[in-house]
Amino acid sequence: MHRTVIAAALLFLAACEPVPQDPVRVRALVLSGNGSYITQEVTLNTLTDIIRMEGDVAKLIGGARIVLDSTDPEQQAASTEEGFANALVQAEGRPVTANWITQDNVLWPADFHTWNLVTAYYNFEKSREYFNTVGNIPLADFGGPATVYYFPDFILKDANPEPIKDNALWFAPTQSFMLAPFDALQRAPLAINSGIMSHEYAHMVFNRKVYGSRRLPPPILEWGAVGASPGANLIKALDEGLADYHGYGVTCKSATGCDSRFFRTSFDDNLSNDRDLAKTDRCVDAFMRDQLNNAALGTFSAQGLEYKLGSILASALYQAGESTGQREVLMRAIISAYSDETANNPGLKQLVTLSQNNQQNFNLTSVAAVFIKHVTDVPLKTALCNELIDHLQIPAASLVGPGLPCPAAAQGGNTCTKLPPP
Amino acid sequence: MRTSPLYARLLPLLLGALVLSTPALAQDEDDAPLAYPDDDEEVEDAPRKLPPRSSDPTADHDRMADERAQEDDFERMAGDDDPNKGFAGELIMGAMLLESSQGRFADPTFGLGLRFTWEYGRILNNEPLRETLWLDVRWMMAGSSAGTTLINGSSRNHYFSLAPAYEFVFGAEKTYGVFGQVGGGFAYQSTSLAIGEELTPVKGIKPLLQYGVGFRGRPRLSERMSLSFRLELMRFRRGYMDDTFVGGSIGTAF
């Protein structure tokens, strides 16, 4: 009798949870053709736990507390990257609990945070799909599900004792994403913005491929520790610019098509225009070149120059891909250039290693050469050369000529006024 | 009126003492009550004597059984004398700690509700269970909202439950007690997601399991009415989500 009652009770409780289907059909928020968000049925192919929002792509953790504090004795005493990461995480948090209502075998979010969570997961899944199909990155290379800290208390104590708000980021030390709470941002939450989530996912891919999944990447830690840090400044700018470019690439896979201003639904017009990839007149100017070559990483970043230089690079790539109709080919080539062990055709990771003892060897010219050499299509290669020479103010002679990567036809564009040699 | 077991035992003795008490000695003959003719006058005038101890060995057993029967009668009478019907209505307020979909310890919000109580133990004709068994019919509501100006959601959870309880009462008047309660019902959830001017409503029903403990009091206000209040810690399993209510209620019992 008792067993029957217990079994019935367990059955009752088990029946309370939605029955997962494979793939899972849910409602999420997606951008419509008229530029506003709508609720739409989507399919999640990798989600294995629909309540905890955990799957092959990501696992979402709430209530965590991560504090970066240079005065923390535990962080100071950490002798390994893992130990340092453990010292940062002051509260592990717990899995989220998605609140569902099932209607016609489709799961509907029953509160705002579940809408936000499921859309974030959907955006991460689409990002991985992009890097897998467009970027040719094998699924195994992504590792296990990425930890996504949802609305954490994330504090960079040296800068501000208050938790970060209105941001989404990839944080290499913990190898995790952070979706910070919103405060001043009252437009579309960042988790809902497909382009921004893809931008962050691109940072993870860059970390995996270029930094070898290091929590404390040597180019940042070592190059950035000295006074002038051109290599560290450039690699930070590359990370940001390429993230914008691939964020744009992911929007091209959506039903509404490519969106070069994907920041606009979450941020104001100023930022959206500054990061608009379709803007054609972006150029490295004398100040930017000087700061890139002579500023310390802290100074360079404090001015947000990694975003500005990154946007110039992203726009150059955009122009090359769009003008030739070879957008995906170029995107694939750029991703393949992240790491390449092939002799005489090193990737960025290998270039970092080659420049380890002299970061000045990691410069705009050598980086441009890495990208260009990973493009095989001649018209695309020519267009890419022209855009990079023009917008990044790279001397044409350093890229065009016998034994150099650019075809002779590439002499750079005329959008930007040539800077005199430094 | 309720009687304690001790009082129930004393009551026959007191009544017996009254019956056996002598007439007032101060009265003179003129003040003497009128005597009604009585067929058993002879017996009435006879001095009272203890009945002779019977030689029957079961006589004591019979006497004790009679006494027990008398006590039971008094208990039943006590129930019959209670002018209250065993119903109560209360307004519930407190903190509802909603299970956090964002993974926090809880999402606290305000909980409000109504409750009607029936002391069904009264119909069992058993004094110990008379005020220890009761049943709640309850409705509670808790809501939450979150989001940005552009995209935000507003949710309401309605809890409908039927929950029997057992109360351990204490005090001479059995006015106060602690209780445990388990019941069930259903939860009705409604959410409205606003994207600009566009609203997307989502509604659904989930099974509800309710369990918890509390303190209950019913101090008497008048012959027929009592103040009814509770402090409680109640858990609601809404589908697969656990919400916790910490609060109190106040109302009247009649």
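**Close-up views of a predicted two-chain model**

**View 1. Packing of helices α7 and α12 in chain A.** In this predicted model, helix α7 (residues 230-251) of chain A packs against helix α12 (residues 327-336) of chain A at an angle of about 140°, with their axes 11 Å apart; axes are lines fitted to C-alpha atoms over the stretch in contact, and angles run from 0 to 180 degrees between N-to-C directions. That angle makes α7(A) oblique to α12(A), because angles under 35 degrees count as roughly parallel, over 145 as roughly antiparallel, 65 to 115 as roughly perpendicular and the rest as oblique.

**View 2. Residues of the α7(A) and α12(A) contact.** On α7(A), L242(A), Y245(A), H246(A), Y248(A) and G249(A) meet R327(A), L330(A), M331(A), I334(A) and I335(A) of α12(A), where contact means heavy atoms within 4.5 Å. These residues divide into seven nonpolar, two polar and one charged, with Gly counted among the polar ones.

**View 3. Nonpolar cores.** The largest nonpolar core has 128 residues, and M53(A), L348(A), F362(A) and F371(A) have the most contacts inside it; such a core is a set of buried (under 20% relative accessible area, 1.4 Å probe, protein chains only) Ala, Val, Leu, Ile, Met, Phe, Trp, Tyr and Cys residues joined through side-chain atoms within 4.5 Å. A second, separate core of 14 residues includes I92(B), M140(B), A165(B) and F245(B).

**Notes.** Residues are numbered from 1 along each chain as its sequence is written, and chains are lettered from A in the order in which they are written. Local features need pLDDT of at least 70, side-chain atom pairs count only at pLDDT 80 or more, and totals for chains, interfaces and linings use all residues, while side-chain values use heavy atoms, leaving out hydrogens and water.

Definitions and conventions. Helices (H or I, at least four residues) and strands (E, at least two) are DSSP runs, numbered from the N terminus. Buried means under 20% relative accessible area, exposed over 50%, partly exposed in between (1.4 Å probe, protein chains only).
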